[in-house]
Amino acid sequence: MKIMHSLEHFPDYCRVENYCHSERSEEFPHFARTATLSAISKKALRRTVALLALVAATATTQMGRAQLGGQFSGQFGNADAANHPKSYIVYAAESQTIPANRRAMLELRFQVVAGFHVNSHTPKSELLIPTTLTLQPASGVKVSPLVYPAGETYSFPSAPGEKVDVYKGNFTLKLPVVATAGEHSIDATLRYQACDNASCYPPKTVPVKILFTAK
Amino acid sequence: MMAAGIALVLWSGWHNLRERGAVHTQQPSHIVQPSGQAAETEASESAESPSPLLGKSAPAFTLLNLDGKKVSLSDFKGHPLLINYWGTYCGPCKVEMPWLEEFNKKYAASGFQVVGITYDSEVGKATIARATKQLGVTYPILLSDAKAEADYLSGTEILPISFYIDKTGKVIEVVAGQGRKDEIEDKIKETIAAGSK
């Protein structure tokens with residue numbers, strides 16, 4: 001088979017807690033910096049990031065098979081390929097502490113794997129699938145509508161006149177919340193659809209767990 | 001950590017090579033990333049892992065078209081075919097499809113036929129029909145099912161992906177990702193010729 005595009009593959013992050021932490025800190029220097037500024041112990045950060053960081057990996061039709069960690073997948077002749085969908089977005093959350101019982105903003109940081117892009121929340125075409133985070137109700141937490149970042153204009157090399165609106169590299173969603181004092185967890189799902197310069201990949205829906213402390 | 005960093009660097013270089021191959025060169029690289037491997041280097045550009053369908057008879061299918069009628073591979077028996085998997089959300093697919101429409105007409109006298117199969121049938125016929133109309137596509141558009149996906153895609157998620165099938169029903173080429181227009185036409189010519197040998 002001839003492949004006319006880049007295949008997605010990258011190290012199998014976040015399947016081992018400490019490994020996940022160290023790798024993510026390299027790739028997301030901001031996260032490590034934030035942790036330092038927040039005076040969070042390295043051990044606590046490692047544990048927290050390991051819990052939170054996951055790689056978007058599960059196809060919409062495969063919700064029951066969400067995978068932690070990216071997967072290398074053979075394109076053909078590999079029975080595991082269907083069971084281990086490929087990954088295009090990494091979610092890496094730092095430990096966040098917000099004031100209790102007051103409106104505060106959680107920042108949810110994602111990274112699109114290099115060489116790929118995903119549609120923004122407003123992709124400018126009804127046929128394109130927007131990146132959307134859906135939140136589940138959480139006890140003690142009131143959420144306001146998510147704030148999605150603006151995308152950037154992108155054109156496929158073969159169609160320079162057609163503009164789409166995408167996220168590339170790092171992007172951050174902001175979630176306004178009011179939470180009671182204590183540790184909180186919000187379950188969410190991220191739906192997105194990725195492409196590279198010459199190919200696209202089916203939409204995926206992956207679980208995201210948002211952990212934070214209000215005090 | 002070091003290994004992962006090196007892998008990322010290598011991956012990045014390989015990825016760029018892939019893009020150059022896809023977009024800028026006459027001879028795009030032919031490569032499949034085997035499961036479990038960390039990264040490819042330039043040297044591995046010559047590697048190629050063929051689709052399991054290559055050289056074999058195209059798997060039979062019976063799928064619904066946008067009018068709700070059943071269409072089978074056997075309906076095209078004796079015709080050189082290009083079976084093109086695509087999705088309504090797939091930009092590169094929609095770049096290729098007008099080219100395929102053009103070639104479908106240009107080589108009709110040779111019995112050549114393009115058959116589109118929609119990967120995202122769940123969006124509904126109306127959306128698919130609207131998309132194909134916008135693209136000016138008139139060749140048959142079929143709605144994929146699980147069996148056809150298993151038989152043809154074998155777990156790959158790449159769109160577009162094209163299967164070139166000669167008039168004897170043998171798969172002679174499989175191309176994943178958007179190709180160049182002239183390359184697609186060359187493969188169509190090869191497909192027509194192959195069935196004539």
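Biologist: Which residue is the bridge partner of Ile89(A) in strand 5 of chain A?
Modeller: Val112(A) is the bridge partner of Ile89(A) there. Strand 3 (residues 89-91) and strand 5 (residues 104-112) of chain A pair in the antiparallel sense over three bridges. Two strands pair if DSSP finds at least two bridges between them. Helices (H or I, at least four residues) and strands (E, at least two) are DSSP runs, numbered from the N terminus.

Biologist: And how do you number things here?
Modeller: Residues count from 1 along each chain as its sequence is written, while chains are lettered from A and ligands numbered from 1 in the order in which they are written. This is a predicted model, where local features need pLDDT of at least 70, side-chain atom pairs count only at pLDDT 80 or more, and totals for chains, interfaces and linings use all residues.

Biologist: What is the average pLDDT of chain A?
Modeller: Chain A averages 70, and 60% of the residues score at least 70. pLDDT is the predictor's confidence in each residue, from 0 to 100. Over residues 5-85 of chain A, pLDDT stays under 50.

Biologist: Which elements of chain A have the lowest and the highest mean pLDDT?
Modeller: Helix 1 (residues 17-27) of chain A has the lowest, 29. Strand 7 (residues 132-135) of chain A has the highest, 98.

Biologist: Back to strand 5 of chain A. How many bridges join it to strand 11 of chain A?
Modeller: Eight, and the two strands run antiparallel. Strand 11 of chain A covers residues 170-179. Met105(A) stands opposite Pro176(A) in strand 11 of chain A.

Biologist: What is the strand order in the open sheet with mixed pairing?
Modeller: The order is 4-14-12-7, in chain A. Strand 4 (96-98) and strand 7 of chain A are at the edges with a single partner strand each, so one side of each has no neighbour in the sheet. Neighbouring strands of this sheet are turned by 35° against each other on average, direction ignored. Axes are lines fitted to C-alpha atoms, for helices over the stretch in contact, and angles run from 0 to 180 degrees between N-to-C directions.

Biologist: How many bridges link strand 12 and strand 14 of chain A?
Modeller: Strand 12 (residues 182-192) and strand 14 (residues 204-214) of chain A pair over eleven bridges, in the antiparallel sense. Ser185(A) stands opposite Leu211(A) in strand 14 of chain A.

Biologist: New topic, chain B. Which residues of helix 3 are buried?
Modeller: In helix 3 (residues 125-135) of chain B, Ile128(B), Ala131(B) and Thr132(B) are buried. Seen down the axis of helix 3 of chain B, the buried residues fall within an arc of 95°, so they line one face. The arc is that of the directions from the helix axis to the C-beta atoms. A residue is buried if 20 or more other C-beta atoms lie within 10 Å of its own, exposed if 12 or fewer, and partly exposed in between, with C-beta atoms placed from the backbone.

Biologist: What does the face turned away carry?
Modeller: The exposed residues Ala126(B), Lys133(B) and Gln134(B). Just after helix 3 of chain B, Gly136(B) takes a positive phi of about 75°.

Biologist: Is Glu122(B) buried or exposed?
Modeller: Glu122(B) is exposed, because 12 other C-beta atoms lie within 10 Å. Glu122(B) is in the loop between strand 4 and helix 3 of chain B.

Key: Two residues are in contact if their C-beta atoms, placed from the backbone, lie within 7 Å.
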